[in-house]
Amino acid sequence: MLYALKIAARYLTASKAQTALLVLGVAVGVFIFIFMSALIGGLAQFILSRTVGDISHVTIEAEPDDPALLISPAGHVLLVAERGRTRTASLSEAATWLPLIEAVPGVKAVSPQITGAGFLTRGAQVEQVSVTGVEPGRESAILDLEGYMVEGRARLGAGLIVLGRELADDLDLSLNQPLRLQSSEGVTALLTLSGIYETGNGALDGARAFVSLSTARTLFAMPQGVSQIEIKLFDLNAADATALRIRGLTGLDAVPWTDGAEQLMEALSAQAQTGYFLKTFALITIVIGVASALLLSTYRRRPEIGIMRAMGAGRGFVVFVFVTQGALIGLMGGIMGAGLGYLALLPFPPREAFKPGTLPMDITQGSYGLAITLTVIGAILASILPARSAARVDPVTAIGQ
Amino acid sequence: MTALLQVCDLVKTFGTGEAATRVLRGLSLRLDAGEMAALLGPSGSGKSTLLTILGTLMKPTSGQHVMLGQDLIAADDRALTEFRNAHIGFVFQFHNLLPDFTALENVIFPTAVREGRETAPARARGRDLLARMGLAERIHFPATNLSGGQKQRVAVARALMNSPELVLADEPTGNLDRVSAMQVMELIAEINREEGTTFLISTHDDKIASLCRRQIVVGDGMVTG
């Protein structure tokens, strides 16, 4: 079949302008495919990073004890103890589980936390806050606190507190100023503002305070354990599988971020499907273009096909010549389109540097190999019809033309 | 003499019903190995149809067709293609070379298509044949850059490439001037004489026919002389 390859290549080089136009057409289709892949993929990445990039991908929360019931031998309820509203449930054996969770493949960081509610007081001003106690050294394990710092440092220690810009402004606070934090347990601590962050998220910037885990233990009267363990993954799309794995390993109720994020997932899925449609249309355009060009070529070369058949070329040989032409056009167009796509995406910033207001094009999601492979397959499929038509050429009629 | 091919009671009908046209009407013919025969007859007498059937490019409506002891009526398309490649050469009136190929590439096509690649022995034989046709200086010329006579000589070389037992030539000189026509016919006669290749040459030209040792006249779909 080496000879059929030579003839296919010769036919393509014999009509240089026509072949160049055809390859260019295919390349444009591939370029669109790659551009759409990078845009849709980058957009999804951007949306995910903006929405769930700074949250825990898998969370293990302590389950509160069931309310106690005192039942008489006759079966009557004698006493009902109401579930505590302020008391934080505890994962008392968190220290045991941490090394195990950290060893799970795909886990990037683990942050044991004590969370609860409290009031910040400065002079006559009082603000309700959500308090998160994290281990010193793990301040940026889940939320990139260090990255969002606008003043001071994210370092947490005994007697230190880090607040959002909005909250600091509301309390008219500046760095190193003292303030009081009273927890829902009624414990009050005098703390010093060591840093101010700004994430752009109002819920965080206006109502979240970070303290060290030891400070939180005092505030929420939790000498042992933690109230939750937050886990960050390298691949947030692996949250469901990793949560299952952690659940299987520890028996703890590990919840992936996707639970309760159905709307976001649906939106991303709809966006991905739009991308599939656009890419499919690009591929269909390629297939139609290649098929029509090769059909024309088949028609133009009917006398030559007749001569070949008369000289002893079988139908399979003729089919191979035209299918090979399709494959070569697909390969050349695919490589050229992929190259153009890559060059066009080069000026865009990498995904780590996506900024609001710019097109979030992710050069790594161009699907270059897939685009070339699908184009070659598409071009081969597109050439089957013309090739079969060529193989059916009656040599007697064709030579007489 | 050994019979190279034999056809008996060949009938070929084109179309059906009232539009049916019977071109061959029970034609019988025997060609012996080494013959050089001219096929004569007026236009529409069935000469080209007969050549097409003898060349296995078309099957008759009925009749027998045996060549080299093989029944070619029963053979399928694949078998006929292989048989044609190995045993039959063609020379057409309009040379019918592959325009995007050089003279040498055209000549070695029948061997290359059989072997799946252009081998060195095939190239050597192609060069020899072209040299014999007086085209040693033209082997790498694109087919489109050759004159009419040169193209027809390339076509003769191509027909001989696989050393076929039978070469069918349909008006091989019909499109050439007198000098070129005689050159081509002299080459054909020389090959027939030296290599024993059988030639069946369809022609309207009595002078060309006179160069052949046998004249077969076809009229009204049958051999009449």
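1. In this predicted model, the crossing of helices α9(A) and α11(A) is right-handed. Helix α9 of chain A comprises residues 262-300, and helix α11 of chain A comprises residues 315-345. Their axes come within 11 Å and cross at roughly 140°. Angles over 145 degrees count as roughly antiparallel, and the α9(A) and α11(A) pair is therefore classed as oblique.

2. The contact between these two helices can be traced to individual residues. Helix α9(A) contributes A:Val290, A:Leu294 and A:Thr298, while α11(A) contributes A:Phe322, A:Gln325, A:Gly326, A:Ile329 and A:Gly330. Sorted by class, the contact of α9(A) with α11(A) holds four nonpolar and four polar residues, with no charged residue.

3. An unreviewed UniProt entry marks residues 21-48, 276-296, 317-345 and 365-385 of chain A as "transmembrane region".

4. Two of these annotated spans may be compared with the model. Residues 21-48 of chain A are 100% helix and 0% strand, and the end C-alpha atoms of that span are 40 Å apart. Residues 317-345 of chain A are likewise 100% helix and 0% strand, with 41 Å between the end C-alpha atoms.

5. At the level of domains, the assignment for chain A gives domain 1 as residues 2-51 together with 264-400, and domain 2 as residues 86-257. The C-alpha centres of domain 1 and domain 2 of chain A are separated by 52 Å.

Note on methods:
Residues numbered from 1 in each chain as written. Chains lettered and ligands numbered in written order. Predicted model: local features only at pLDDT ≥ 70, side-chain atom pairs only at ≥ 80, totals over all residues. UniProt positions renumbered as here; feature names shortened; annotations may be inferred. Helix = DSSP H or I, 4+ residues; strand = E, 2+ residues; numbered from the N terminus. Domains from an automatic or database assignment. Axes fitted to C-alpha atoms, helices over the stretch in contact; angles between N-to-C directions. Parallel < 35°, antiparallel > 145°, perpendicular 65-115°, else oblique. Left-handed = near helix turned anticlockwise from the far one by under 90°. Contact = placed C-beta atoms within 7 Å. Nonpolar A, V, L, I, M, F, W, Y, C, P; charged D, E, K, R; others polar.
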